[in-house]
Each structure stands twice: as C-alpha cells, then as structure tokens.
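Hi,

Here's the structure I said I'd pass along.

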Amino acid sequence: MNVEVYILTGYLGSGKTTLLQKWLPHLKSQENNDTVVIMNEMGDTDVDGEQLQGMDFPVKKLMNGCICCSIRGELTDGMKEILPVLQPRRIIIETTGVADPIDVVDALTHPDLYSAIEIKGIISIVDASRYLQLISRFQASGTLIKTLRSQVRYADLLLVNKVDLISTDVLEKVKQKLREENVAAPLHTTIQSETDLDALLTIQQTAKLARENRTHSGPPVQKTLGRMLKQSLGLGSQPASLYSSINSFSYRFSGPVIEKRFVAFLLSLPNHVYRAKGYVYLADKGHAVSFQHTENQVMLHPLEGIDPEKVAVFIGEGFDQTKIIEDLKTCYA
Ligand SMILES: Nc1nc2c(ncn2[C@@H]2O[C@H](COP(=O)(O)OP(=O)(O)OP(=O)(O)O)[C@@H](O)[C@H]2O)c(=O)[nH]1
C-alpha cells in the first residue's frame with residue numbers, strides 16, 4: 001500500500017500548527033504511531049516543532065528555506081530517507097505559510113517517490129480574519145498573491161479559521177471570495193482549527209488532472225506529472241516562487257523582558273513583518289511564554305512542560321532588521 005501523504009497549507013499564522021496539535025493526539029488515540037510529520041520552517045529556528053513536543057510522533061524538520069522552492073530537493077531527500085526507515089502509513093507535511101502547494105506537489109512527484117506514495121490531498125487553512133485584507137494588499141503590491149490564491153485554489157478541503165474574530169457579514173464575503181477561487185472543495189468554518197478530525201483522512205482530491213494522470217502508467221508520466229500539473233493549471237512558465245522576496249531572521253533573547261513593553265513592541269511591528277513567534281521569559285510575571293504575532297493579533301501562552309531556548313523569529317518582506325532588534329532591546333527588564 002502506498003504511503004498516504006497529506007499536505008497542510010495556509011498562510012502565515014492561519015492555524016496549521018493549531019490543527020496539528022489536535023489532529024496528532026486524535027490519530028494517536030485511534031491507531032499505532034504510524035504517522036510521520038514533516039515540518040518546514042523558513043528560518044533556522046524551529047518554533048512550531050517545540051509545540052508538538054511530547055506528542056510522540058516522528059517529526060522531520062526541514063529548516064531554513066521553503067520546500068516549495070529553495071529547499072525543494074530536501075523534501076524529496078527527506079521523504080526518501082523516511083520511507084524505508086520509518087515505514088509510515090501516512091505522512092503529514094506542514095508547509096511554510098508562504099509555500100505554494102502546487103510546487104510541493106511537484107516536489108513529491110519526483111520519480112524516486114512517485115510509486116511509493118499517494119498524495120491524498122491538500123488541506124488549506126484560511127485565516128478568515130485577514131483574508132480580505134491580505135488579498136487586497138498583495139494584489140496591490142503584486143507579491144504573494146499567486147501563493148495565497150494557490151493555497152485556496154488547489155485545496156481539497158478548506159478550513160476557514162479564526163471566525164471568532166469576524167462578523168457574519170465579513171465571513172460571507174470571505175466565503176464568496178474563496179468560492180471564486182475554488183468551487184469544489186468542502187469548506188468548513190472553524191475556531192482554533194476545531195474540525196471533524198476523522199474527515200481529514202477522507203478528503204477527496206479535487207485536482208482532477210492529478211487523479212487522471214496517476215491512473216496512467218509508465219515513467220514518462222511519473223517524471224513529468226508535477227510539471228504537467230503546473231502547466232495544465234496555467235502555471236508552467238511562472239517564475240520561481242515569490243518566496244525569494246520573503247525574509248526571516250531569528251533573535252536570541254539575552255534575558256527576561258517586561259510583558260507590557262514586549263506586547264507594545266509586537267503591536268508596533270511594521271506591517272511588512274507578516275509573522276513573529278517564539279519564546280520569551282517575562283520578568284514581571286516570573287514565567288516563560290510562547291508568543292504569537294500575526295498582523296492583527298498578539299497572543300501569549302504560558303509554557304507548560306517545555307523549556308525551549310528563548311528566541312524570536314520574524315518573517316516578512318523588506319523590513320529593517322537592525323531597527324527591529326533595537327526596538328526589541330528596549331523591552332528588557
Ligand atoms: N482568535 C483565534 N486565534 C487562533 C485561532 N486559531 C489559531 N489561533 C492562534 O493564531 C496563532 C497562530 O496559529 P498557528 O497554528 O501557530 O498558525 P500557523 O499557521 O501554524 O503559523 P505558521 O506556521 O507560522 O505559518 C496562535 O496564537 C493560535 O493560538 C482561531 O480560530 N481564533
């Protein structure tokens with residue numbers, strides 16, 4: 001039986017790790033640990049992996065680039081390594097928030113992998129609280145719009161998350177926009193990525209061409225499926241992903257910070273910092289927290305049972321790293 005592969009995609013901070021934190025324990029409660037997770041982070045620091053610690057699932061981390069482009073080969077190599085050694089029943093790939101899922105499909109259709117795996121589908125999480133702003137901003141700036149659209153267009157299941165942050169009117173507009181991109185995929189609204197976890201394994205691929213091609217036999221089709229898929233979807237001659245315009249850096253804290261200053265710092269980050277996350281010790285609270293920042297949200301969660309390195313990761317475009325670090329240093333106790 002081929003190893004089932006699920007691709008978990010969605011823009012930065014949409015709720016992918018939040019879903020995994022629910023999905024993995026659910027899988028574990030139902031069967032033996034025969035799922036492997038591949039996590040991809042843009043930077044050299046693994047914040048999301050820490051959140052999955054203790055779940056007792058093999059996690060393969062692919063750092064410092066995006067598996068849809070700059071480290072695409074590492075995905076293929078990582079898969080080739082995992083398949084014979086761990087012999088999993090399924091693999092869940094959590095992409096970076098700026099990954100184009102079609103390029104990930106392309107990497108997975110490498111001839112060395114093709115006969116061993118079956119891509120079950122693409123689960124895409126949409127941050128409903130930001131979707132309209134993001135498409136209008138990226139449309140205007142010309143960046144990331146193709147990626148954002150691909151994440152919706154090629155989804156086999158759309159989870160419209162963070163609906164607690166928006167009105168029903170806005171939700172209707174978001175759904176309408178999503179339907180303009182993708183009429184076929186089932187669409188569920190969620191809060192904290194809460195969804196029917198059993199249904200995740202039964203998603204049906206809506207990428208018709210991928211299905212059709214897979215029923216063909218012979219190496220030429222296998223070799224070129226990814227490329228054909230892209231071409232047939234009108235993406236064949238697109239330049240490399242816009243990932244190249246996205247930057248990330250990590251900063252290691254040298255001591256505890258004051259909570260109020262730190263929250264104010266996160267809220268004042270320029271809007272081309274699309275995402276910040278990490279771990280920090282709060283001097284005035286006397287404990288460490290994980291922090292999460294998306295453009296419209298700052299969240300601090302006390303750490304339980306883990307003691308990771310205190311580090312901040314910033315992801316965005318064209319930001320002034322020196323200025324961000326200077327501002328951050330004013331938060332120290
Ligand atoms: N208000 C609200 N916050 C949410 C919801 N779902 C997730 N969050 C929060 O949003 C933040 C980002 O969630 P993650 O699950 O880390 O998002 P992600 O897609 O894995 O992020 P990246 O891997 O950095 O792209 C976290 O602080 C979550 O707790 C939701 O439905 N409503």
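Before the sheet, one bit of bookkeeping: two strands count as paired if DSSP finds at least two bridges between them. Also keep in mind that this is a predicted model.

With that in hand, there's an open sheet of 5 strands, ordered S8-S12-S9-S10-S11 and paired antiparallel. The edges are taken by S8 (247–252) and S11 (297–302), and each has a single partner strand, so one side of each has no neighbour in the sheet. On average, neighbouring strands here are turned by 15° against each other, ignoring direction.

Phenylalanine 291 has leucine 300 of S11 as its bridge partner.

On the annotation side, the unreviewed UniProt entry lists "domain: CobW C-terminal" over residues 246–332. In the model that span is 41% strand and 21% helix, and its end C-alpha atoms lie 28 Å apart.

Now the helices. How many residues of H4 (residues 101–108) are buried? It's 8 of the 8, so H4 is largely enclosed by the rest of the structure. Among them are Asp103 and Asp106, along with Ile102 and Leu108.

Then there's H6 (residues 131–141) packing on H8 (residues 168–181), at about 50° with the axes 9 Å apart. The two are therefore oblique to each other. H6 brings Tyr131, Leu132 and Ile135 to the contact, while H8 brings Lys173, Val174 and Lys177. That splits into 4 nonpolar, 2 charged and no polar residues.

Cheers

Notes. Residues numbered from 1 in each chain as written. Predicted model: local features only at pLDDT ≥ 70, side-chain atom pairs only at ≥ 80, totals over all residues. UniProt positions renumbered as here; feature names shortened; annotations may be inferred. Helix = DSSP H or I, 4+ residues; strand = E, 2+ residues; numbered from the N terminus. Axes fitted to C-alpha atoms, helices over the stretch in contact; angles between N-to-C directions. Buried ≥ 20, exposed ≤ 12 C-beta atoms within 10 Å, placed from the backbone. Parallel < 35°, antiparallel > 145°, perpendicular 65-115°, else oblique. Contact = placed C-beta atoms within 7 Å. Nonpolar A, V, L, I, M, F, W, Y, C, P; charged D, E, K, R; others polar.
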